[in-house]
Structures are given as structure tokens and as C-alpha cells.
Amino acid sequence: MKTGLFPAAYVEIIEDLDEDLEEGEDEWDDPEPVAVIRCHFSGGVRDIEVHPTFVENPVFKELLTLVRQSLKRQDLVMNYLDHEGDLIRIKDQDDVDLMINQSERKTLPRQLSRQPSSSQYVRWEVHATLEKDYSVYHVKDTPPRRS
């Protein structure tokens, strides 16, 4: 029996190859798990793939940089939808933590639960808007108070 270049007498077989693997395929070729952040901007949706450890405790500045690079715009700010459907601007790490806490009470839409096992959508979503566009926020037009 031959084992490639060497006769069987010179080779100790530790483990037979898995018969289910096709030639050239390796059991280690499985893709690394990926977390997906859904980002809404200007009527469209962009899915941003990140390492799963990133979404466990995202840092405000890193998340903002990621969103801006993904959308190729530096004049963006991040927002999230609160339980009433209003956009809330994310200004610092406390806002990121609040977004995550509020999202833990949500259930994922059915369409997101049918994704391949190698990628997993995170429970929270980012809504990017232009930095100086305040028209996206539901605010009442009330005159300023005079003291």
C-alpha cells in the first residue's frame, strides 16, 4: 500500500481521512463566525460584518468609525429606534449601552432568524443620519421658554 510519496512501511497512519470530505476540502475550512450589524441609512440597509466579540461590548468611537467607513461618509451620526419608534441620537458610550439594554427586550424579526449559522444578526440596529439633519427626530415645535 502506498501513502503518497512514501511506502506504508515508513508511515504510521494516525487517522483515516473523512470519507465525506471532497477532495481539496478541509474540515478546518469552515468560515469564522461573523456577527452582523444592520445599519439603516437614507432609505437603504447595509449589513456590516464584524467579529462576534465586537458586539458583546461595542465601544462608541469604534462603532461610529465602523459605520462611517462602511457608508463612506464622515458626516454621519448614529441613532437607534426606541420602543415608541422615535430615533434617539447616540452621543456617547452610555447611549450605546442604553440601545443594547433596550434591544435585549425585543424579539428578532422572523426574516433574521433564517440566516446561515456562520453569521448572526445582533439584536440592535443602527440608524445613520447626517450630522446636521435634525428633521429626522420627532420633536414638537414649541417656542423656547423665557425666564
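Trainee: Where is aspartate 82 found?

Mentor: Aspartate 82 sits in the loop between β5 (76–81) and β6 (87–90); strands here are DSSP runs of E, at least two residues, and helices are runs of H or I, at least four, numbered from the N terminus. Mind that this is a predicted model, where local features need pLDDT of at least 70 and side-chain atom pairs count only at pLDDT 80 or more, while totals for chains, interfaces and linings use all residues. Numbering runs from 1 along each chain as its sequence is written, and side-chain values use heavy atoms, with hydrogens and water left out.

Trainee: Why is aspartate 82 called buried?

Mentor: Buried means under 20% relative accessible area (exposed is over 50%, partly exposed in between; 1.4 Å probe, protein chains only). Aspartate 82 has 14%, so buried it is.

Trainee: And which residues is aspartate 82 in contact with, leaving aside neighbours within four places in sequence?

Mentor: Ile88 and Gln102, contact being heavy atoms within 4.5 Å.

Trainee: What makes serine 103 count as buried?

Mentor: Its relative accessibility is 3%, so serine 103 falls under the 20% cut-off. Serine 103 belongs to helix α3 (residues 93–103). Beyond four places in sequence, serine 103 is in contact with Arg123 and Trp124.
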